Amino acid sequence: MCLSTYTFSRRQSKSLVKPVDSNKSDPQDKYDKKIESQKSRAIRHIFLIRHGQYNLSGETDGDRKLTELGRKQALFTGERLSILDFPWTTITQSTLTRAMETCSIIQTQLPANIPLTSSDLLTEGAPIQPDPPTKHWKPELYQFFRDGARIEAAFRKFIHRAPPDQKEDSYELIVCHANVIRYFVMRALQLNPEAWLRLSLDHASITWLCIYPNGRVSLRCYSNSGYMPPEAISR
């Protein structure tokens, strides 16, 4: 699945440089060099991985561990990422148990030297009230206010163009949750974020976003789980 690209970042390089003072003899070429130094030059490839199937009946996060199927799904995904053989740059995981378990299994299939970090910003939640509303999922209104700001902060932290000092393309893995991934995709493509709940997402599936130096974003694939045997796919 490949979609048209969109520009989600309006931030221009010249907004990061102090403008030329007409009352001083600041040379234009010096100003132009400063602008050039603030430009992004690399592509960020961001792979958003949903956790595997887990115990829905668990009362605490510690009880919501991966099922046997969930562990198999994570292994299939790790094998798929290994076959892709990209020069993986970083791995970031949500701090919830099911995401950390999924990440740990995936890591067994990848090189051992990939830096790993964790972020509470990536935990599951209610990003924004869906439109149209659904009868099957009705969290308390306060959850949208509590979780929405956090998930938006996660989007701003993790989904952006490469910094000027990044010289080579990066291949970054983020292991997190369905609601977070769906919201990230809608925001990155500049689509109506209230429609996020209309998207479905398979367990341990791969969603691939590319962010180009000019701020344009391409969705290379969404909820890819076709590398798993049919009986292993769930959502």
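D85 is exposed, with a relative accessible area of 62%, where exposed means over 50%, buried under 20% and partly exposed in between, computed with a 1.4 Å probe on protein chains only. This residue lies in the loop between α2 (68–84) and β3, the elements being DSSP runs, with helices (H or I) of at least four residues and strands (E) of at least two, numbered from the N terminus. The phi of D85 is near 60°, a positive value in a residue other than glycine.

This is a predicted model, in which local features need pLDDT of at least 70 and side-chain atom pairs count only at pLDDT 80 or more, while totals for chains, interfaces and linings use all residues. Residues are numbered from 1 along each chain as its sequence is written, and side-chain values use heavy atoms, with hydrogens and water left out.

## Overall layout

The chain contains 5 helices and 7 strands, and from the N terminus on its elements follow the order β-α-β-α-β-α-β-α-β-α-β-β. Of the 235 residues in the chain, 46% are buried. Among contacts with a separation of 6 or more, 74% are between residues 24 or more positions apart, a contact being heavy atoms within 4.5 Å.

## Backbone features

Most residues other than glycine have a negative phi, and most peptide bonds are trans. Just after α5, Q190 takes a positive phi of about 60°. A cis peptide bond joins D131 and P132, with omega about 5°, and P132 is part of the loop between β4 (116–119) and α4.

## Strands β2 and β5

Strand β5 is mostly covered, since 7 of its 7 residues are buried. On one side these are S170, E172, I174 and C176, and on the other Y171, L173 and V175. Strand β5 runs parallel to β2, to which 7 bridges join it, pairing being called when DSSP finds at least two bridges between two strands. The bridge partner of L48 in β5 is I174. Strand β3 (residues 90–94) also pairs with β5 in the parallel sense, over 4 bridges, and here T90 stands opposite E172.

I49 is found in strand β2 and is buried, with a relative accessible area of 1%. Leaving aside neighbours within four places in sequence, I49 has contacts that include T77, L81, I106, L173, V175 and A204.

| Pair | Apart in sequence | C-alpha to C-alpha |
|---|---|---|
| I49 and T102 | 53 residues | 9.0 Å |
| A232 and G70 | 162 residues | 8.5 Å |

A232 lies in the segment after β7 and counts as buried at 5% relative accessibility. Apart from residues up to four places away in sequence, A232 touches L69, Q73 and F76.

In soluble globular proteins, nonpolar side chains tend to be buried together. The largest nonpolar core has 24 residues, and those with the most contacts inside it are L48, L122, I159, I174 and F184; such a core is a set of buried Ala, Val, Leu, Ile, Met, Phe, Trp, Tyr and Cys residues joined through side-chain atoms within 4.5 Å. At least two residues of this core come from each of β2 (44–50), α4 (141–158), β5 (170–176), α5, β6 (206–211) and β7 (216–224). Helix α5 supplies the largest share, 7 residues. A second, separate core of 18 residues includes W88, I91, I206 and W208.

Because 10 of the 11 residues of α5 are buried, this helix is largely enclosed by the rest of the structure. Its buried residues pack against β2, α4, β5, β6 and β7.

## The second largest pocket

The second largest pocket has a volume of about 290 Å³. Its lining is formed by 15 residues, of which R50, Y54, A178, H203 and R235 lie nearest its centre. A pocket is an open set of points on a 1 Å grid over the protein atoms alone, where a 1.4 Å probe fits, with protein on both sides within 12 Å along at least five of seven lines, and lining residues have an atom within 4 Å of a point. The volume is the space filled by probe spheres set on the points, which are joined across faces, edges and corners. Helix α5 (residues 178–188) gives the most to this lining, with 3 residues.
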